[in-house]
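Colleague: I am new to reading models. Can we take the features one by one, with the general idea first and then the case here?

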Amino acid sequence: GQLLARWRASDGAEPCGVILGRRDAAGTELREVCALTNAHPRPTGAFLLTPEDQLAARRLARDRGLEVVALWHGHLKGPPVPSDEDGRGLERASALGAAPELMLLVGRGQGGIPVIRAWRVQGPLARELHLRLARTS
């Protein structure tokens with residue numbers, strides 16, 4: 001719900017940010033969506049997170065007993081599949097040792113319905129993962 005709400009509230013720039021949660025042997029638990037400013041020069045078709053925003057998100061996660069477990073962003077038009085621009089950004093981030101292991105994308109599926117898909121980042125490439133919703137008490 002949080003991720004779709006952030007995507008729907010977009011102001012014409014690709015929404016983006018990080019997701020806080022926990023990792024263990026069973027997988028990755030996504031707990032909280034943090035929206036960050038899209039600092040890309042062409043924010044309608046790409047996204048860029050500033051190092052300052054990323055550091056602030058890590059501090060917030062630590063303060064809450066969590067960690068930054070994923071990156072997320074939304075495509076305003078088209079499906080939730082990594083674009084060529086996303087691939088170039090992941091390649092640059094990998095070269096700096098800053099690529100996320102997990103990326104969630106929001107976009108439009110069949111009939112324009114919002115869809116969220118998860119991707120395991122491997123250098124400039126991404127492999128789709130299965131998302132499982134868990135009940136919270």
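Colleague: Which residues is Leu71 in contact with, leaving aside its neighbours within four places in sequence?

Modeller: Contact means heavy atoms within 4.5 Å. Leu71 is in contact with Gly17, Val18, Phe47, Leu49, Pro100, Leu102, Met103 and Leu104. Before we go on, note that this is a predicted model: local features need pLDDT of at least 70, side-chain atom pairs count only at pLDDT 80 or more, and totals for chains, interfaces and linings use all residues. Residues are numbered from 1 along each chain as its sequence is written, and side-chain values use heavy atoms, with hydrogens and water left out.

Colleague: Which residues of the largest nonpolar core touch the most other members?

Modeller: In soluble globular proteins, nonpolar side chains tend to be buried together. A nonpolar core is a set of buried Ala, Val, Leu, Ile, Met, Phe, Trp, Tyr and Cys residues joined through side-chain atoms within 4.5 Å. Buried means under 20% relative accessible area, exposed means over 50%, and partly exposed is in between (1.4 Å probe, protein chains only). The largest core here has 16 residues, and Val18, Leu20, Phe47, Leu49, Leu71 and Met103 touch the most other members.

Colleague: Which elements each supply at least two residues of this core?

Modeller: Helices (H or I, at least four residues) and strands (E, at least two) are DSSP runs, numbered from the N terminus. Strand 1 (16-24), strand 2 (27-36), helix 2 (51-63), strand 4 (102-108) and strand 5 (114-122) each supply at least two. Strand 1 gives the most, with three residues. Another core, of twelve residues, lies apart from this one; Leu3, Ile19, Leu102 and Leu104 are among them.

Colleague: How many bridges join strand 1 to strand 2?

Modeller: Two strands pair if DSSP finds at least two bridges between them. Here nine bridges join the two strands, which run antiparallel. Ile19 has Val33 in strand 2 as its bridge partner. Strand 1 and strand 2 form a hairpin, with two residues between them.

Colleague: Is His73 buried or exposed?

Modeller: His73 is found in strand 3 (residues 67-74). His73 counts as buried because its relative accessibility is 0%. Its side chain makes a polar contact with the side chain of His75 (3.2 Å). A polar contact is a pair of N or O atoms within 3.5 Å; within protein, one must be able to donate a hydrogen and the other to accept it, and residues adjacent in sequence count only if both atoms are side-chain atoms.

Colleague: How many salt bridges does the structure hold?

Modeller: A salt bridge is a side-chain nitrogen of Lys or Arg within 4 Å of a carboxyl oxygen of Asp or Glu. The structure holds six. One of them joins Glu85 and Arg42 (3.6 Å, N to O). Glu85 lies in helix 3 (residues 84-95) and Arg42 in the loop between strand 2 and helix 2, so the pair ties together parts 43 residues apart in sequence. Another salt bridge joins Arg117 and Glu128 (2.6 Å, N to O). Arg117 is in strand 5 and Glu128 in strand 6 (residues 125-129), eleven residues apart.
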